[in-house]
Amino acid sequence: MKKGIYRVLSKMSDQTELPLTELCSEFTANIIGRREITIDGVLSIYKYETEEIIIEVCGDYVAIIGEGLELKNYYRSTLSVGGKIKRIEYGVEICR
């Protein structure tokens, strides 16, 4: 998906009253070594700590685990995290 599509899908979600997670089904991640990750398609930040960041993306939750993690940028559904990334987990179970 192109970056601007998330804004379009968000507007469609508002108009149709369908959840955004039903309208989109994928996200992209660009990993630079173990020091930075940029994810496009972020719907929300569920948890933010220096050792773990959990985000909601289209249709899934992703956990970034490491040391000294910090948000470098979060703008229009694109999020960048820097720090020492130890692992990335997809399909994280969230207890609401």
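The accessible surface of the chain comes to about 6100 Å², and carbon and sulfur atoms hold 48% of that surface. Such areas come from the Shrake-Rupley method with a 1.4 Å probe, and for residues only the protein chains shown count as cover. The model is predicted: local features need pLDDT of at least 70, side-chain atom pairs count only at pLDDT 80 or more, and totals for chains, interfaces and linings use all residues. Residues are numbered from 1 along each chain as its sequence is written, and side-chain values use heavy atoms, with hydrogens and water left out.

Of the 96 residues in the chain, 33% are buried. Buried means under 20% relative accessible area, exposed means over 50%, and partly exposed lies in between (1.4 Å probe, protein chains only).

**Overall layout**

The chain has two helices and six strands. Both kinds of element are DSSP runs numbered from the N terminus: helices are H or I with at least four residues, strands are E with at least two. Along the sequence the pattern reads α-α-β-β-β-β-β-β. Among contacts between residues at least 6 apart in sequence, 44% join residues at least 24 apart. A contact means heavy atoms within 4.5 Å.

**Strand 2 and its partners**

Strand 2 covers residues 36-40, and four of its five residues are buried. Which way do strand 1 and strand 2 run? They are antiparallel, joined by five bridges. Two strands pair if DSSP finds at least two bridges between them. I31 stands opposite I37 in strand 2. Three residues lie between the strands of this hairpin. There, G33 takes a positive phi near 55 degrees.

Strand 2 also pairs with strand 6 (residues 78-90), again antiparallel, over five bridges. Here D40 has T78 in strand 6 as its bridge partner.

**Aromatic pairs**

Rings of Phe, Tyr and Trp (its six-membered ring) pair if their centres lie within 6.5 Å; planes under 30 degrees apart count as stacked, over 60 as edge-to-face, and the rest as tilted. By this rule there are two aromatic pairs.

| Pair | Centre to centre | Angle between planes | Type |
|---|---|---|---|
| F27 and Y90 | 6.2 Å | 25 degrees | stacked |
| Y46 and Y61 | 5.9 Å | 75 degrees | edge-to-face |

F27 sits in the loop between helix 2 (20-23) and strand 1, while Y90 is in strand 6, 63 residues apart. F27 is partly exposed at 23% relative accessibility, and Y90 is partly exposed at 46%.

Y46 lies in strand 3 (residues 42-48) and Y61 in strand 5 (residues 60-75), so their pair ties together parts 15 residues apart in sequence. Y46 is partly exposed at 39%, whereas Y61 is buried at 12%.
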